[in-house]
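Biologist: I'd like a close look at one part of this model, please. Take your time and walk me through the surroundings too.

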Amino acid sequence: QRNIILDLFNVKYSDSSGLSSLLVGHRICKNANGSFILTRINENIARLIAISQLENILNIVGTVDEAIDFIFMEEIEKELKRELE
């Protein structure tokens with residue numbers, strides 16, 4: 001799959017290895033010309049991402065519906081770019 005939505009609602013804690021896994025997921029999707037989106041993260045995960053200065057690298061939205069909309073809009077933009085080429 002090139003687009004992945006990861007709902008972290010039930011994840012209460014993560015360490016550097018969990019963060020590394022998120023970066024691997026991001027890289028896999030990016031290499032496939034897709035999107036890796038995190039949703040419903042808690043305060044602890046948000047703090048870890050901020051401390052690691054990854055909030056501008058990872059796509060983070062509040063809800064699963066927002067993540068679906070994000071992917072939908074990305075796909076529309078990609079299609080429009082292909083048509084203009």
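Biologist: Which residues does Lys 78 touch, not counting residues up to four places away in sequence?

Modeller: Bear in mind that this is a predicted model. Leaving out residues up to four places away in sequence, Lys 78 touches Asn 33 and Gly 34. Lys 78 is found in helix H3, and its relative accessibility is 13%, so Lys 78 counts as buried.

Now for its charged partner. Lys 78 forms a salt bridge with Glu 75, and the closest N and O atoms are 3.7 Å apart; that falls inside the 4 Å cut-off used for a salt bridge. Both residues belong to helix H3, and because they are 3 residues apart there, about one helical turn separates them. Salt bridges with shared partners tie Lys 78, Glu 75 and Arg 2 into one network. With 33% relative accessibility, Arg 2 counts as partly exposed. In general terms, side chains of opposite charge can pair when their charged atoms come close.

The structure holds 5 salt bridges. Another one of them joins the side chains of Arg 47 and Glu 43 at 2.9 Å, N to O. These two are 4 residues apart in helix H2 (residues 43-51), so they too are separated by about one helical turn. Arg 47 counts as partly exposed at 40% relative accessibility, and Glu 43 counts as exposed at 61%.

Back to helix H3, which covers residues 64-84 and includes Leu 80. Leu 80 has 45% relative accessibility and so counts as partly exposed. Together with Phe 72, Met 73 and Ile 76, Leu 80 makes a nonpolar surface patch of about 380 Å².

Two other spots are worth a look while you have the model open. Gly 25 is in helix H1 (residues 16-31) and is buried, its relative accessible area being 11%. As for rings, the charged end of Lys 12 sits over the ring of Phe 9, 5.4 Å from its centre, while the count of aromatic pairs comes to 0.

Conventions: Residues are numbered from 1 along each chain as its sequence is written. This is a predicted model: local features need pLDDT of at least 70, side-chain atom pairs count only at pLDDT 80 or more; totals for chains, interfaces and linings use all residues. Side-chain values use heavy atoms; hydrogens and water are left out. Rings of Phe, Tyr and Trp (its six-membered ring) pair if their centres lie within 6.5 Å; planes under 30 degrees apart count as stacked, over 60 as edge-to-face and the rest as tilted. A charge sits over a ring if NZ of Lys or CZ of Arg is within 6 Å of the ring centre and within 35 degrees of the ring normal. Patches are made of residues with over 30% relative accessible area and no salt bridge: like charges are joined within 9 Å, nonpolar side chains (Val, Leu, Ile, Met, Phe, Trp, Tyr) within 5 Å. Accessible areas come from the Shrake-Rupley method with a 1.4 Å probe; for residues, only the protein chains shown count as cover. Buried means under 20% relative accessible area, exposed over 50%, partly exposed in between (1.4 Å probe, protein chains only). Contact means heavy atoms within 4.5 Å.
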